[in-house]
Amino acid sequence: MVGILDVDLCGPSIPRMLGVGRQEVHQCDSGWVPVYTDAQKSLALMSIGFLLEDPDEAVVWRGPKKTALIGQFVSDVAWGELDVLLVDTPPGTSDEHLAVLENLKKQHKVDGAILVTTPQAVSTGDVRREITFCKKTGLSILGIVENMSGFVCPHCSECSNIFSKGGGEELAKLTGSIYLGAVPLDPLLCTSIEEGKDFIQTFPDSATFSAINIIAQTLLTCLQNS
Amino acid sequence: MIILYCPGTSSEQAGKTSSCQGCPNQNLCASGATKAPDPAIEEIAVKMLSVKHKILVLSGKGGVGKSTFSAHLAHALAGDSNKEVALLDVDICGPSIPRIMGVEGEQVHQSGSGWSPVYVEDNLAVMSIGFLLSSPDDAVIWRGPKKNGMIKQFLRDVDWGDLDYLVVDTPPGTSDEHLSIVQYLSSAHIDGAVIITTPQEVSLQDVRKEIRFCRKVKLPIIGVVENMSGFVCPKCKNTSEIFPSTTGGAERMCEEMNLTLLGRIPLDPRIGKSCDEGKSFLAEFPESPAALAYRSVVQNTCLHTLRHVPTHTETRAYTH
């Protein structure tokens with residue numbers, strides 16, 4: 001049983017990506033009911049995206065109001081029994097990150113953070129600062145993922161490193177973090193996400209799925225061992 | 001239903017609307033303490049009298065290439081040696097501009113006339129919080145109010161001199177940094193915003209919110225740039241849509257929202273490499289399709305700014 005909490009309040013992408021764009025959030029006795037992606041309730045979601053009447057409406061909030069809603073997301077959503085709660089965050093080291101961490105720590109053990117970078121130095125340069133955020137706030141780093149790592153041309157199979165290569169692995173070495181692996185660019189993944197389709201069901205043979213699967217298995221092992 | 005719009009700490013409604021319920025600042029706003037106008041706004045307006053054109057680079061979505069675009073817009077504008085250009089980086093948590101402009105590790109100095117920006121060329125100046133951090137590992141773990149204070153200082157205390165263009169690079173979103181930039185420049189005149197997107201709906205979804213933000217705060221929109229628009233394989237020369245547009249891309253969005261599509265820029269591995277090395281991609285690979293696309297977008301952007309000649313009595317933008 002897995003939950004995803006989307007605390008990117010200005011740019012909530014999770015609802016669309018998981019094919020549940022226009023759902024409403026209901027209340028029950030124990031709080032807000034999360035949105036489930038299927039009848040088996042194996043994946044529960046909460047996002048400000050579900051609270052917008054008009055999906056194009058901008059959430060123009062300063063820090064304190066964002067902090068307040070994130071506090072509610074953590075304490076007032078009736079997640080039920082979950083094996084894993086994933087929290088998707090916006091870029092940065094600011095209100096959202098502090099709010100979600102402080103609120104989670106009040107009632108839960110926080111296993112750690114996965115840091116996602118693209119291979120270029122411009123990206124790893126910011127992720128170094130995110131690593132410092134984790135260290136300063138006592139958040140363990142479960143590992144670093146190098147995303148958008150290479151593109152294999154579907155016409156001739158030539159691999160192009162559009163966003164460079166290897167920066168994620170170098171960053172892990174530099175900072176003494178675990179390197180979880182590289183995920184290649186895949187237009188099929190992008191299309192699936194656009195249409196809210198299950199990429200894993202639709203393209204189980206893709207190299208991207210294989211890469212993500214290996215990372216997921218590594219993480220599960222790490223969580224079980226801790 | 002959640003009402004999404006903070007009325008503004010200095011508005012008559014501050015602390016009193018239904019959307020103020022639950023906000024930690026509600027009592028402070030309702031007490032009237034926040035309604036006094038910030039004197040910095042007029043100070044900044046005076047400072048900005050010597051800046052002819054101000055362009056904000058925005059996006060709802062992260063990772064679409066705002067900083068890359070801002071840097072290359074600045075390089076292109078400064079290509080005319082008669083023009084004075086500055087690039088202000090207000091991405092407080094993720095300041096990429098120093099590296100992209102090849103001036104990472106430079107220091108900012110103070111003098112009687114304020115902070116001196118870092119010069120990339122004689123006519124191209126840069127300011128970023130990156131220059132104030134002593135290590136590349138330093139994190140800026142600041143909440144909104146402290147970020148706002150920094151942005152105020154950047155606008156008020158940097159000795160920009162006379163500028164033809166001030167380009168402002170922003171982080172993704174519609175929050176403190178964006179509200180502050182618009183608020184502090186509310187008595188100056190902003191030519192408008194260039195909004196960056198990639199072709200996918202997941203990006204456009206957030207960019208539509210950014211457009212709504214611009215309209216709410218009465219910030220003119222110069223146009224939209226569709227970045228990462230196709231990739232030509234260097235080996236077989238076939239084009240792949242790596243970030244496919246399933247809903248018509250920026251072109252359809254611009255038609256629907258009555259906006260100008262300033263251009264489409266393709267993916268090119270040499271862009272990222274140039275940025276990593278702090279070099280101008282436009283100077284390194286001037287004949288590449290991406291460089292030609294950049295120049296076309298810059299030209300379209302300039303045409304818009306030249307149509308408008310600012311005066312110091314320009315209509316004020318929304319104050320927040």
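**The annotated cysteines**

Modeller: Happy to! In its unreviewed entry, UniProt lists Cys6(B), Cys20(B), Cys23(B) and Cys29(B) under "binding site". These four span 24 residues in sequence, yet no two of their C-alpha atoms are more than 11.1 Å apart, so they gather at one spot. Please keep in mind that this is a predicted model.

Let me take two of them in turn. Cys6(B) belongs to the segment before helix H1 of chain B, a helix that covers 26-30. Its relative accessibility is 18%, and because buried means under 20%, Cys6(B) counts as buried. Cys23(B) also sits in the segment before H1 of chain B, and with a relative accessible area of 18% this cysteine is buried. Once its neighbours within four places in sequence are set aside, Cys23(B) is in contact with Pro64(A) and Lys65(A).

Those contacts lead us to chain A. Its secondary structure consists of eight helices and eleven strands. The radius of gyration of chain A is 18 Å, close to the 17 Å from the globule rule for 226 residues, so chain A is as compact as a globular protein of that length. Along the principal axes, its C-alpha trace spans about 55 × 40 × 40 Å. Of the 226 residues in chain A, 51% count as buried. Among its contacts between residues at least 6 apart in sequence, 70% join residues at least 24 apart. Carbon and sulfur atoms hold 52% of its accessible surface of about 10300 Å². As for charge, chain A carries 16 positive and 28 negative side chains, with the centres of the two sets 8 Å apart.

Key: Residues numbered from 1 in each chain as written. Chains lettered and ligands numbered in written order. Predicted model: local features only at pLDDT ≥ 70, side-chain atom pairs only at ≥ 80, totals over all residues. Heavy atoms only, no water. UniProt positions renumbered as here; feature names shortened; annotations may be inferred. Helix = DSSP H or I, 4+ residues; strand = E, 2+ residues; numbered from the N terminus. Buried < 20%, exposed > 50% of the residue type's maximum accessible area, 1.4 Å probe, protein only. Contact = heavy atoms within 4.5 Å. Rg over C-alpha atoms; globule rule 2.2 N^0.38 Å. Areas by Shrake-Rupley, 256 points an atom, 1.4 Å probe, with all protein chains shown as cover. Lys, Arg positive; Asp, Glu negative; His and termini not counted. Charge placed at Lys NZ, Arg CZ, Asp CG, Glu CD.
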